[in-house]
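Here is my note on the model, as numbered points. Please read it with the structure open.

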Amino acid sequence: MMTLGKTLRLRRIFAQGRALIMDCHPLRHDPLGWVRLLARSGGDAAILSPGLLDAAAEELGPLAVILRLDAGVWPAQPLVSVQAALEMGVEAVTLHVRRAVRESLERFGKVSEEARRLGMPLLAEVAGEDWREAAQLSADYGADMIATSWQPELATWQSWMRTAGKPLLVGLEFSTPAGIVERTWEVMQGPAQGVVLSPPEGPPAEAARVLEALHAIIHQDIALEEARRIAGLPGPAAL
């Protein structure tokens, strides 16, 4: 049974049933600028490391915070505990899950148990060739949200998502303006309840209109042609 604290925190991330989330990696170009732009563009949440959260606290505005519990190349190194994240006032925590790595599953089991006890929503970021099994395990372990990179077959996975009852978020690289608008629109026609964007290396200000278009796709369910117009893109799209 979901606790009141977990319910309220998830409501902040999925205020309208869907979510526009950005993974603001501290090594990306101007991470504080991306946090600021996301907040002004109607984004729902930012994934932050503990150190970046300290630096970005004044820029968050209405954004919910999903705190990263691990970092670095595999094996990822623990950063903070769920208890520490709770004390920092964040809305959710996230960590990577790899089905084929025993240590990953062991850590995920411990984190999910602590998150359940404290009423903290847990986002499982699954990767690798066995992403379906990793996502299934994440749901079995008690993840409240599941994120995976774009997979063409995701569109046919809707029946499993209804059974699992967990929001599916699709990770997308913020490539060209046309590419990210079209791919986000395509993703949202399937079972996904939102996207997790990885920002590009360029200046955040150049992406303001694109983020406005993505927000409209996710929260207003607009047509692709309208999204392209908001983003300032010329001509019709060709998916």
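1. Which residues of α2 are buried? They are P31, G33, W34, V35, L37, L38 and A39. Buried means under 20% relative accessible area, with exposed over 50% and partly exposed in between (1.4 Å probe, protein chains only). Helix α2 spans residues 31-40 and is mostly covered, with 7 of its 10 residues buried. The cover includes β1 (19-23), β2 (45-48), α3 (50-56) and α9. After α2 comes G42, which has a positive phi near 85 degrees.

2. Some ground rules. This is a predicted model, in which local features need pLDDT of at least 70 and side-chain atom pairs count only at pLDDT 80 or more, while totals for chains, interfaces and linings use all residues. Residues are numbered from 1 along each chain as its sequence is written, and side-chain values use heavy atoms, leaving out hydrogens and water.

3. Overall make-up. The protein has 10 helices and 10 strands. These are DSSP runs numbered from the N terminus (helices H or I, at least four residues; strands E, at least two). Of the 239 residues, 51% are buried. Contact means heavy atoms within 4.5 Å. Among contacts between residues at least 6 apart in sequence, 61% join residues at least 24 apart.

4. The α8 and α9 pair. Helix α8 covers residues 177-187 and helix α9 residues 208-220. Their axes come within 10 Å and cross at roughly 10 degrees. The axes are lines fitted to C-alpha atoms over the stretch in contact, and angles run from 0 to 180 degrees between N-to-C directions. The two helices are therefore roughly parallel to each other; angles under 35 degrees count as such, over 145 as roughly antiparallel, 65 to 115 as roughly perpendicular and the rest as oblique. From α8, P177, I180, V181, T184 and W185 meet V210, A213, L214, I217 and I218 of α9. By class, this contact has 9 nonpolar, 1 polar and no charged residues. Ala, Val, Leu, Ile, Met, Phe, Trp, Tyr, Cys and Pro count as nonpolar, Asp, Glu, Lys and Arg as charged, and the others, Gly among them, as polar.

5. Is E91 buried or exposed? E91 counts as buried because its relative accessibility is 9%. E91 sits in the loop between α4 (82-88) and β6 (92-97). Its side chain makes a polar contact with the side chain of R12 at 2.7 Å. A polar contact is a pair of N or O atoms within 3.5 Å; within protein, one must be able to donate a hydrogen and the other to accept it, and residues adjacent in sequence count only if both atoms are side-chain atoms. The E91 side chain also reaches the backbone nitrogen of V65 at 2.7 Å.
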